[in-house]
Amino acid sequence: MPMYKVRPFHGGPVSAAVLAEHLPACMYRVGNMHRCPEGGSPSAASPPPLLHEEEVDPALQALESRQEEILKRLYELKAAVDGLSKMIQTPDADFDATNIIQADEHIPLSASAAELDNLLGKDYGALKDIVINANPDHPPLSLLILHGLLCEHYKILSAVHTHSSVKCVPENLLKCFGDQPKKQSRHEYQLGFTLIWKDVPKSQMKFSVQTMCPIEGEGNIARFLFSLLGQKHNAVTATLIDSWVDTAIFQLQEGSNKEKAAVLRSMNAALGKTSWLVGNELTVADVVAWCALQQTGSTNAVPANVQKWLKSCENLAPFNSVLRLLN
């Protein structure tokens, strides 16, 4: 016997009418948009509303344009690099740049007020003042040498100060610029050179205190100061000079004994071909490397060519002044 009894929906006229009325013939029903209004003609029927495109955000449009411009520039740069790579052959590991260095058209050290304006910017009568912060526990010898070289080409107003972060500075460092002549009016000098002994982790330099961030690191400051002397080189020579500066700072001065020995061997080989580390003229590479050897106390046990080079450096007045400062 069944638990529930339900009357059937089929079999009679009533059930057929219910099915015809309530069961859908399609999934969704949509009203006829072409149906004429009452009393109207088919031509009077209103057309269906059109879908309008959304307005593009101007900021998004600008971003797309910028992206397209960047992609276009990258494509042009890639094409230029590909073209250069086909023209230039990759040098061997034993590439010897000595002939290129010797063929470099050397421009002797010379400088003028006009060149200072090009390098440091024109201050319309104001004295261009280079300000260097250095730690007296690790005096930047190369900067003292470069100060001496700059004094040979410019009329420099030199000054040494002590910051409050340093309690005691040796007397020789306070007089590292030597006896200064009687000071004249500031406008009679071409360049100001101010050294401040301060508790800083790395040497810092500014020549425009208000408009530039500091240049940090003895090697980077030395590069900048030497550029004021007006010496110019081709790309190969300039690259070798930069390489020697980095080698002197990071391996000869801060490296292990094994690294220092390898650098000395490389220096001896280079100095066997030329009078100086790069070519036959003094460069910033010689200044930084000489100072690194002095600071590490490695001047005694050096190869023959390096020993000869050390004496050549010490025959120059700026090097000799710093050597007396160390003694």
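Modeller: Leaving aside neighbours within four places in sequence, S203 is in contact (heavy atoms within 4.5 Å) with N133, A134, P140, I215, E216, G217 and I221. This is a predicted model, in which local features need pLDDT of at least 70, side-chain atom pairs count only at pLDDT 80 or more, and totals for chains, interfaces and linings use all residues. Residues are numbered from 1 along each chain as its sequence is written, and side-chain values use heavy atoms, with hydrogens and water left out.

Colleague: Where is the place of S203, and does S203 count as buried or exposed?

Modeller: S203 lies in the loop between β3 (191-197) and β4 (204-206); strands are DSSP runs of E, at least two residues, numbered from the N terminus. Its relative accessibility is 10%, so S203 counts as buried, the term for under 20% relative accessible area with a 1.4 Å probe, protein chains only.

Colleague: How are two packed helices described?

Modeller: The description uses the angle between their axes and the distance between the axes. Here, the axes of helix α10 (residues 284-296) and helix α11 (residues 304-314) come within 11 Å and cross at roughly 105°. α10 is therefore roughly perpendicular to α11, a class that covers 65 to 115 degrees.

Colleague: Which residues in α10 and α11 meet?

Modeller: From α10, D286, A289, W290, L293 and Q294 meet V306, W309, L310, C313 and E314 of α11. By class, this contact has seven nonpolar, one polar and two charged residues.

Conventions: Axes fitted to C-alpha atoms, helices over the stretch in contact; angles between N-to-C directions. Helix = DSSP H or I, 4+ residues; strand = E, 2+ residues; numbered from the N terminus. Parallel < 35°, antiparallel > 145°, perpendicular 65-115°, else oblique. Nonpolar A, V, L, I, M, F, W, Y, C, P; charged D, E, K, R; others polar. Buried < 20%, exposed > 50% of the residue type's maximum accessible area, 1.4 Å probe, protein only.
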